Amino acid sequence: MSAATLQLLDPEGQVVGAVPEISNADLVRLFRHMVRMRALDQRMLSLQRQGRVGFYGTATGQEAAVTGSAYALRDTDWVFPALREMGVSLWRGTTIKELVCQLMGNSGDVLIGRQMPCHFSDRKVRTVAWSSVIGTQLVHAMGAAWAAKIRREDTISMGYMGDGASSAGDFHAAANFAGVYKLPVVFFCQNNQWAISVPLTHQTASESIAVKAVAYGFPGVRVDGNDILAVISATRQAVDRARRGEGPTLVEAVTFRMGGHSSSDDPTRYRSAEEVATWERRDPIPRFRSFLSKRGLVKDEDETRWTEELAAEISQAVEESEKLPPPPLETLFSDVYEKMPWHLEEQMRYALAMGEGQKFEGRFPL
Amino acid sequence: MPYDVKLPDIGEGVAEGEIVRWLVKAGESVREDQPLVEVMTDKASVEIPSPRTGTIAAIHVEEGTVVPVGTVLISIAIAGESEAPTATTPATAAAHAPASASTAPRATALATPAAGARVQATPAVRQLAKQMGVALESLTGSGPGGAITSDDVKRAASTGAASPAGAPSQPAPGAMPASDGRETRVPLRGLRRRIADHMRRSLDTAAHFTFVAEGDFTALAEHRERLKSRAAAAGIKLTYLAYVLKALIEPLKKHPMLNASLDDERGEVVLKRHIDVAVATHTEEGLTVPVVHDPEHLSLFEVAREIQRLSEAARAGKLKLEELKDATFTVTSTGARGGVLATPILHHPQVGILGVHEIKKRPAVVDDRIVARDLGNLSLSLDHRVVDGAIGAEFLYDVIHRLEHPSEWLSEKEIG
C-alpha cells in the first residue's frame, strides 16, 4: 500500500491512526453486517450453482468498503449502486428475503422480475435502479445531486463504481460536471484490482484512481478498502464536505475481489493463486474482528451464534422465496405508459389468454 | 420420490457441461449445499452443491461425459419421504413447484414441442401468414424450439399446402384473431371500441325510456314529391330526415329540457341555448354521428345538402372534429328500411334522441273509413332523470303535427 493510502487498522487489526468516533454498539453492528454479507454471498453462490437462482456476483473481500461507505450516509441520502453494493441496501433496511426474491425474479421481488439477478435497487432505501452498462449510474448520481442543490435539500448522492468504470466516459462527464457545479455527490470507487479479467495495470497509467479527481478540481482520497475504520473516516469527510456545499469527492477504496466477477466467471484462468493468497491475508473481516475482540466487543461465541442465526435467517428467506409464484403476467405491460394504450391492452389480453402455466417455462410463447 | 438434480445453466447462456468428477457416491448421505460434482463448462469449472438433504439414490452420468443443460445428473432420496410418489403431500409438491420449474426450462426448450402444443411464431411471421392466407396451425416449424419461420410460411404458400380452409381446426387459444371453424374472434378496437364504450356509458348513466307515436305523413309525402325534382336540379336528395330536422326546432325551443344534457358531477341540467342536431350515420367502420349545426338558420334544402355532405364525409372517414362536436339532440334513421319502432340509445350526455321509421302506405281510418295513407312511427328515447313522459309525449306530438302539416310552417323562403 502506498504512503498516500489512509489506513487506521493494519492487517493484524492494530490501530495505526486516529479511530473515528463510532459507538461500541455501532462497531458491533458494522461487524455483524460484514459477517452477514459474507454468509449471504456464500449461500447465494451455492444456490446459483444448483440452478435455484440465475446469476450472482459476490462482494466477498469487499465487505469493509461496502459497509463502511454505507455507514457514512443518512437514510435520506441517495445511493446509485453498481454490481457489488447489495450490502448497501441490506444495511439501509432491505431484507434478505427481498434480496433473494430479486435473485429469483418472483412476485416478492421489489423490481417485479424486471432486472437481471443481483442488479438490485430498492426505492424504500433510496437505492436507485442501475444498468449493467459500466458507469452510467455516476451521471445519475451527479444529476440527482444537482437536483438536490437546486431544491436546496440537504441530501447527498453516493455514486458507486469499480476500477473499470474509471475508464468509462460517463465517469469523466459526471466528475467534470460535479466539479464545475460543486455538486453534493461522492464518487465511491471500489478498486478491487480486476474489471472482470482486466487487471488494474491495464486499466490506467495513473498512479491511482483517486488522482483522477485532481483533473476535475476536487479532492480524491485513497483508503485501505479492507480497513472499515479508514473507509468510514474517509467517506464521512467526503459526505460532510458534500453536505456543506463544498462539492464532490472521489474516494478510492483499495480492496480485492476474492471471488469471480460473477457466477459466470472463472478467475483462476487469469489471475494467480499467489495474488489471491496475498489478499486473503488482508481480509477485512478477521482484521476488524481482531480490533473488536481486543476491545472486548466481540467474543468467539458471539460470532458462532451469529453464524447460526444468519444461516437460519437465510434458509428461511430462501424457503419462503421459493414458494412465491412469478410476478403476475400483467406486469410485463404495466408501468410503460401512464395509461396503457389499446395495443398493449390487446397484447396483454392475448398473453393472459395463453395461460398462466406458460410463464413458468421462462420463455414467452410467441 | 427421489429429487432429480439437473445440470443448471451455471454461466449466462451455457448450453452444456462436462462431468469432471463426482464428489459423492450412490448410497451416501448428503446435506443441502454440500458439493456433489465438479462440472466444466466453456465459461468456468464449478462445483455443483446439493439442493436437498438426503441420500444419493442414483448417479446418472459418468465422469468425462458432456451433457446438455437440463440433463438429470443425480437423484437424491429425500430424508423422511417414502419412495412412493403418493407420499408427497400436495403442499410439498406445490412448494417445490417454482424451484423445479426454474431448473426445468432448458430441458423443455430443447425438446420438440409436444403434439397439440400451441403455435410458436413471431408476430412478423404471424402477420405474413395472415397476408399469405396460410394457417400456422398446419405447419411444422423449422426454427428454434419448433418455431415457425417466415420461410416455412412462404414455402407453404407456394405449395398451397396450408390454405385456411383446408387446415385442420387446431384450436389456438389466445392466438391472434383467427377462425377455427366454430367461431371467429375479432378484437374490439378503434371505432368499434369507442362505440362500445360510449353506448355502455350511456346505458349505465341515463334512465332510458322510449315513447313511440304514429303519424300520418300523407301530406308530407306529397310535399316532398312536389319538391323532389327541384331539389334534384340543385343536386340535393330531399329526404324525410331533412324535414324531421327542420320540424324539431320549434318543439325543442318550446321544451328546452329536451335540448339539454345532464352534468352528473355537478348535479345540474345544462340547458342549451343553441340547437345543433347530430345525425346518426352508418359507415363501414360503424356508427358515427356528425352534426348539422344550427339547422334553424338553414333552409330545408340546405339541411338536406348538409346531411348529404356529412354522411359522405363520414363514409369516406373525412369528418373533421368540429363536425362531430357540440350536438344538443340526435336523430337516428336507417332510411327506407326504418322498421316499425326502435329503442334508441341516448347520445351521452344528451337527454333526447329521436328515431325515424319507415313511412309507407298503410291502412288508416279517416272519417270512419279505412283508406291507404302514408303512415310512419317516431320513437323518442329520453333520460327520465331529466324529462318526464308527459313532456316527452307533448314534444313528440308537436313534432308529428308539424310533419303532418309541412305547408303550415315551411314558407317558400324556408324551403330554400
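Predicted model: local features only at pLDDT ≥ 70, side-chain atom pairs only at ≥ 80, totals over all residues.
Axes are lines fitted to C-alpha atoms, for helices over the stretch in contact, and angles run from 0 to 180 degrees between N-to-C directions. Helices (H or I, at least four residues) and strands (E, at least two) are DSSP runs, numbered from the N terminus.

H1(A) contributes A:Arg36, A:Leu40, A:Met44 and A:Leu47 to the contact, and H4(A) contributes A:Ile96, A:Leu99, A:Val100, A:Leu103 and A:Met104. Contact means heavy atoms within 4.5 Å. By class, eight of these residues are nonpolar, none is polar and one is charged. Ala, Val, Leu, Ile, Met, Phe, Trp, Tyr, Cys and Pro count as nonpolar, Asp, Glu, Lys and Arg as charged, and the others, Gly among them, as polar.

| Strand order | Strands | Pairing |
|---|---|---|
| S1-S8-S6-S3 (chain B) | four | antiparallel |
| S5-S4-S2-S7 (chain B) | four | antiparallel |

Take the sheet S1-S8-S6-S3 of chain B. Strand S1 (3-6) and strand S3 (29-30) of chain B are at its edges; each has a single partner strand, so one side of each lacks a neighbour in the sheet. Two strands pair if DSSP finds at least two bridges between them. S1(B) is joined to strand S8 (residues 72-78) of chain B by four bridges, and the two run antiparallel. B:Val5 has B:Ile74 in S8(B) as its bridge partner.

Now the sheet S5-S4-S2-S7 of chain B. Its edge strands are strand S5 (45-49) and strand S7 (66-68) of chain B, each pairing on one side only. On average, neighbouring strands here are turned by 40 degrees against each other, direction ignored. Three bridges link strand S2 (residues 16-22) of chain B with S7(B) in the antiparallel sense. B:Glu18 stands opposite B:Val66 in S7(B).

Residues are numbered from 1 along each chain as its sequence is written, and chains are lettered from A and ligands numbered from 1 in the order in which they are written. Local features need pLDDT of at least 70, side-chain atom pairs count only at pLDDT 80 or more, and totals for chains, interfaces and linings use all residues, while side-chain values use heavy atoms, leaving out hydrogens and water.
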